[in-house]
Amino acid sequence: MATKKEEIFAQINKFHQIDNNIIEKLEEFVKILLNYNKKYNLIGKSTIDDIWQRHILDSAQLIKFIKDKNLILGDFGSGSGLPAIILSILGVKNVHLIEKSFRKCEFLEIARKTSENNITIHQKKAEEIHGVKFDIITSRAFAPLDKIIKTTQPFLKKDTMAILPKGKNIVNELQLIKKYNKINYEIQPSLTSKEGNILIINNFL
């Protein structure tokens, strides 16, 4: 009988082929995350027992919407490395982690080594970063949608896409961005929660 972890690997493999090398890297990331969580509170204690579903699969499912792995991805509020390091392990070639907390960046410096792809860590507030634009934006627990849009404006290209995991309050959050009348978005169901959604914004500007 398959373990929960093996079931998650099988689910990921349905939408993104993984091999033993990737599996080993995901396992190593989880090991590091759990170790540092004791000091830095990177994920909620109530989610630890279900870490493979709540955090790894929840992050990995975003790869379905990234058609070109060579695009530059910027992750805002990267404290736990989720989803960005998981996406990097799965093949996204160039990822930027934006996290103001020095202590959480200590964790990210260790966790980044689980990926063979390029990961740049910015230990700064978003408004302190200049001279970089992203093709893809992710953010898992950084801020409400209206603040994400406001914060990410300096980093946008004309065709930048955002892939944002959201919960049951997504309807209320969408109400807050009506003033951005040019935004084009779609909502996809999450694989990990009946109340979960993935908000894909295809046009910010």
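**Pockets and a helix in a predicted model**

In this predicted model, the second largest pocket has a volume of about 280 Å³.

Q: Which residues lie nearest the centre of the second largest pocket?
A: Lys100, Ala126, Glu127, Phe142 and Lys147 lie nearest its centre, within a lining of 13 residues.

Q: What makes a residue part of the lining of a pocket?
A: A lining residue has an atom within 4 Å of a point of the pocket. For the largest pocket, 29 residues line the space, and Arg54, His55, Asp58, Arg140 and Ala141 are those nearest its centre.

Q: How much space lies in the largest pocket?
A: The largest pocket holds about 620 Å³ of space.

Q: Which elements give two or more residues to the lining of the largest pocket?
A: They are helix H3 (51–60), strand S5 (156–166) and strand S7 (197–203). The largest share, 3 residues, comes from H3.

Q: Why are some lining residues of the second largest pocket called charged?
A: Asp, Glu, Lys and Arg count as charged, so Lys100, Glu127 and Lys147 belong to that class. The lining divides into 6 charged, 5 nonpolar and 2 polar residues. In the largest pocket, the lining has 14 polar, 8 charged and 7 nonpolar residues.

Q: What makes residues of helix H6 (residues 145–152) buried?
A: Buried means under 20% relative accessible area. Leu145, Ile148, Ile149, Thr151 and Thr152 are the buried residues of H6, so each of these falls under that cut-off.

Q: Which elements do the buried residues of H6 pack against?
A: These residues pack against strand S1 (72–76), strand S4 (134–138), S5, helix H7 (170–175) and S7.

How values were computed: Residues are numbered from 1 along each chain as its sequence is written. This is a predicted model: local features need pLDDT of at least 70, side-chain atom pairs count only at pLDDT 80 or more; totals for chains, interfaces and linings use all residues. Side-chain values use heavy atoms; hydrogens and water are left out. On a 1 Å grid over the protein atoms alone, a cavity is a set of points where a 1.4 Å probe fits but cannot get out, and a pocket is an open set with protein on both sides within 12 Å along at least five of seven lines; lining residues have an atom within 4 Å of a point. Grid points are joined across faces, edges and corners, and a volume is the space filled by probe spheres set on the points. Helices (H or I, at least four residues) and strands (E, at least two) are DSSP runs, numbered from the N terminus. Buried means under 20% relative accessible area, exposed over 50%, partly exposed in between (1.4 Å probe, protein chains only). Contact means heavy atoms within 4.5 Å.
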